[in-house]
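Keep the structure open while you read.

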Amino acid sequence: MREQTALPDVSGADADGGKPDAAVVRDALGVGVAVGLSGFAFGVTSAGSGLTLAQTCALSLLVFTGASQFALVGALAAGGNPLTAAAGAFFLGVRNAFYGLRLSQLLALPRAVRPFAAQWVIDETTAVALAQPTRRSVRIGFTVTGLTLYVLWNLTTLLGALGAEAIGDTDTWGLDAAGPAVFLALLAPMLKDSTERTVAALAVLLGLGLLPVLPAGVPVLVAALAAPLVLWARGRRAGGAGEDMGRGGAEGEDGR
């Protein structure tokens, strides 16, 4: 990942190798529109799970993180306890806090603006922002992606909730899979090393393997243990390798 020194403040579109503003806007709009349209699937799924129109729209307006929203309504539709469903959605949304730590350095926004920008710290805005070479393009990419996605996601959520009755059974259409599919499509390119891929694979195995055994919403919470488990195992291996090297060095000295 680039260091902050690689993101100088520039005023020109192409200064210091920066991307033209038009190219950044085009990329941001592409992501915002493509993902924003999937809000329709959320609106339909949420209404199908028993939430009212007001509750569905409030989730998109206030929570605004697709994976967590789909996890919540999916657990409720499966008959899960509301507290368990909310806990699963919360833990999925915690990742945005870690995104914010990185983005706060790259965006360097005025203190008064940060609380409003925090609402747009999600997978898509983070992916677009981190792909930019300069602070100027980071800010443009983040803002355009966030604004486009927020407006479209909430509009299509409303349309989906209103049209749920006309569509019928959401399971028949498979619309409940749209959110997770978009999330995985954004996540996959970010799994660049073996540790990250191992965490993702273990989380999938835990989540899917425990679905038939645990109540709805609980497998998501258990899957969150994948990261600490993999990091613990990696630390154990690194510690064992260090001890072996130390013993080998001591034996070599004794043999001289």
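Phe-42 is buried, with a relative accessible area of 0%. Bear in mind that this is a predicted model. The chain has 5 aromatic pairs, and one of them is Phe-42 with Trp-153, a stacked pair at 6.2 Å centre to centre and 20 degrees between the planes. Since Phe-42 sits in helix H2 and Trp-153 in helix H9, the pair ties together parts 111 residues apart in sequence. Trp-153 is buried too, at a relative accessible area of 4%. Ring pairs also bring in Phe-70, giving a cluster of Phe-42, Phe-70 and Trp-153.

Now look at Phe-64 and Tyr-150. Their ring centres are 4.8 Å apart and their planes are at 80 degrees; planes over 60 degrees apart count as edge-to-face, so that's what this pair is. Phe-64 is in the loop between helix H3 (53-63) and H4, while Tyr-150 is in helix H9, so this pair ties together parts that are 86 residues apart in sequence. Phe-64 is buried at 3% relative accessibility, whereas Tyr-150, at 21%, counts as partly exposed.

## The nonpolar cores

Which residues touch the most other members of the largest nonpolar core? They're Leu-103 and Phe-142, in a core of 26 residues. Helices H2 (39-48), H4 (66-77), H5 (82-93), H6 (95-107) and H9 each give two or more residues to this core. A second, separate core has 5 residues, among them Val-24, Ala-28, Val-128 and Val-144.

Setting aside residues up to four places away in sequence, Phe-142 touches Leu-103, Leu-107, Ala-117, Trp-120, Val-121, Thr-125 and Ala-129.

Thr-126 belongs to helix H8 (residues 123-130). Is Thr-126 buried or exposed? Its relative accessible area is 3%, and buried means under 20%, so Thr-126 is buried. Apart from neighbours within four places in sequence, Thr-126 is in contact with Tyr-99, Leu-103 and Val-121.

Leu-152 is in helix H9, which covers residues 135-162. Leaving out neighbours within four places in sequence, Leu-152 contacts Gly-32, Val-33 and Gly-36. The C-alpha atoms of Leu-152 and Val-35 are 8.6 Å apart, although the two residues are 117 positions apart along the chain.

## The whole chain

Zooming out, the chain has 15 helices and 0 strands. Of its 256 residues, 34% count as buried. Among contacts with a separation of 6 or more, 75% involve residues 24 or more positions apart. The chain exposes about 14000 Å², with carbon and sulfur atoms supplying 67% of that.

Terms used:
Residues are numbered from 1 along each chain as its sequence is written. This is a predicted model: local features need pLDDT of at least 70, side-chain atom pairs count only at pLDDT 80 or more; totals for chains, interfaces and linings use all residues. Side-chain values use heavy atoms; hydrogens and water are left out. Helices (H or I, at least four residues) and strands (E, at least two) are DSSP runs, numbered from the N terminus. Buried means under 20% relative accessible area, exposed over 50%, partly exposed in between (1.4 Å probe, protein chains only). Contact means heavy atoms within 4.5 Å. Accessible areas come from the Shrake-Rupley method with a 1.4 Å probe; for residues, only the protein chains shown count as cover. A nonpolar core is a set of buried Ala, Val, Leu, Ile, Met, Phe, Trp, Tyr and Cys residues joined through side-chain atoms within 4.5 Å. Rings of Phe, Tyr and Trp (its six-membered ring) pair if their centres lie within 6.5 Å; planes under 30 degrees apart count as stacked, over 60 as edge-to-face and the rest as tilted.
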